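Please keep the sequence and the coordinates in view while reading.

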Amino acid sequence: MYNKLQYISQGNTIEEQLYNIHQALDAGCDWIQMRFKNQTEKNSFKLAEAVKLLCEEYLAAFIVNDNLHLAQQINADGVHLGLTDMKIDEARAILGTTKIIGGTANTFEDIQNHVKNSCDYIGLGPFRFTNTKEKLSPILGLSGYFEILQKLKKNKIEVPVYAIGGITLKDVSPLMETGIFGIAVSGIITESTEKKILIQQLNEKLYANVIV
Ligand SMILES: Cc1ncc(COP(=O)(O)OP(=O)(O)O)c(N)n1
Ligand SMILES: Cc1nc(C(=O)O)sc1CCOP(=O)(O)O
Ligand SMILES: [Mg+2]
C-alpha cells in the first residue's frame with residue numbers, strides 16, 4: 001500500500017530542486033513527486049536522473065509529474081497526470097500494470113473516470129487556495145471532500161484519495177475524517193525550518209487510526 005504522505009517538489013533550478021528533495025528525504029519523506037515546470041527536456045532529464053539515484057538511496061518511491069516518457073526513460077516508479085495531461089488509459093497502455101499512475105480530480109465524476117481507466121491513486125483538490133499551482137480548479141474545502149468521499153462510499157468506489165492544495169498541519173485530522181487516504185503537500189515541507197519534526201507530526205496525524 002502507498003504511503004500517506006507525498007512530497008511534491010519545488011524549485012526553479014536543478015540545484016534548488018535537488019536541495020529541496022534531499023532535505024525532504026533526509027527529514028523522512030518516502031514518496032517524492034518531481035514537479036519541475038517549464039523546463040527543457042535536457043534539464044528535466046538531468047534532474048530526474050539525480051532524483052532517481054537519491055530516491056534509491058533513501059528507499060523512497062519516485063514519481064514524475066506530467067511527463068510519462070521521462071518517467072519511462074529513467075525507470076521511475078510512476079507518473080502523476082492532471083486533467084489536461086495524457087489520458088490515464090493511454091498512460092496505462094504504455095506503462096503496463098507495474099507502474100504507479102496518479103490522476104488529478106476535482107469532482108466525483110473525475111474520480112469515477114480515473115478509476116474506470118485503472119488509475120492507482122487520486123490527487124483531489126484544491127483543498128484551499130495555494131500559490132504553488134496556477135489555474136486552480138474550484139476550491140473544495142472540507143465540505144467538498146466530505147461530499148465526494150461520501151459519494152465514493154455510496155457507490156462502492158475504492159481508491160486511495162490524496163487531498164492536495166494549501167494543506168497545513170492543522171488541516172490533516174479534519175481532512176482524514178472525511179475519508180481521504182492521505183495528503184500531497186509541497187509548500188509546508190519546502191518552507192519548514194524544522195522538517196523532521198513537521199514530517200513526524202504529519203505522519204502521526206495521518207497514521208493515527210491505522211492498526212498495525
Ligand atoms: C498528488 C497530486 N495531485 C494533483 C496534482 C496536480 O496535477 P495537475 O493538475 O496536472 O497540475 P500540475 O501539478 O501538473 O501543475 C499533482 N501534481 N499531484
Ligand atoms: C500541484 C498542485 N495541484 C493542486 C490541485 O488542486 O490539483 S494544488 C497543488 C499545489 C500543492 O502544493 P501546496 O501544498 O504548496 O499547496
Ligand atoms: Mg500536470
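In this predicted model, Asp 66 has a relative accessibility of 25% and therefore counts as partly exposed. Asp 85 falls in the partly exposed class as well, with a relative accessible area of 24%. For both residues the class follows from the cut-offs, because buried means under 20% and exposed means over 50%.

These two aspartates meet at a metal. The magnesium ion (ligand 3) is coordinated by the OD atoms of Asp 66 and Asp 85, at 1.9 to 2.2 Å. Asp 66 is located in the loop between β3 (61–65) and α3 (68–73), and Asp 85 in the loop between β4 (78–81) and α4 (88–95), so the pair ties together parts that lie 19 residues apart in sequence.

The C-alpha trace spans about 45 × 40 × 35 Å along its principal axes.

The interior and the contacts may be considered next. Of the 212 residues, 49% count as buried. Among contacts between residues at least 6 apart in sequence, 54% join residues at least 24 apart.

The protein chain exposes about 11,200 Å², of which carbon and sulfur atoms supply 51%. The chain carries 21 positive and 24 negative side chains, and the centres of these two sets lie 5 Å apart.

Terms used. Residues are numbered from 1 along each chain as its sequence is written. Chains are lettered from A and ligands numbered from 1 in the order in which they are written. This is a predicted model: local features need pLDDT of at least 70, side-chain atom pairs count only at pLDDT 80 or more; totals for chains, interfaces and linings use all residues. Side-chain values use heavy atoms; hydrogens and water are left out. Donors are N, O and S atoms within 2.8 Å of the metal (3.2 Å for Na, K and Ca); water is not among the atoms, so sites may look incomplete. Helices (H or I, at least four residues) and strands (E, at least two) are DSSP runs, numbered from the N terminus. Buried means under 20% relative accessible area, exposed over 50%, partly exposed in between (1.4 Å probe, protein chains only). Contact means heavy atoms within 4.5 Å. Accessible areas come from the Shrake-Rupley method with a 1.4 Å probe; for residues, only the protein chains shown count as cover. Lys and Arg count as positive and Asp and Glu as negative; His and the chain ends are not counted. The place of a charge is taken as NZ of Lys, CZ of Arg, CG of Asp or CD of Glu.
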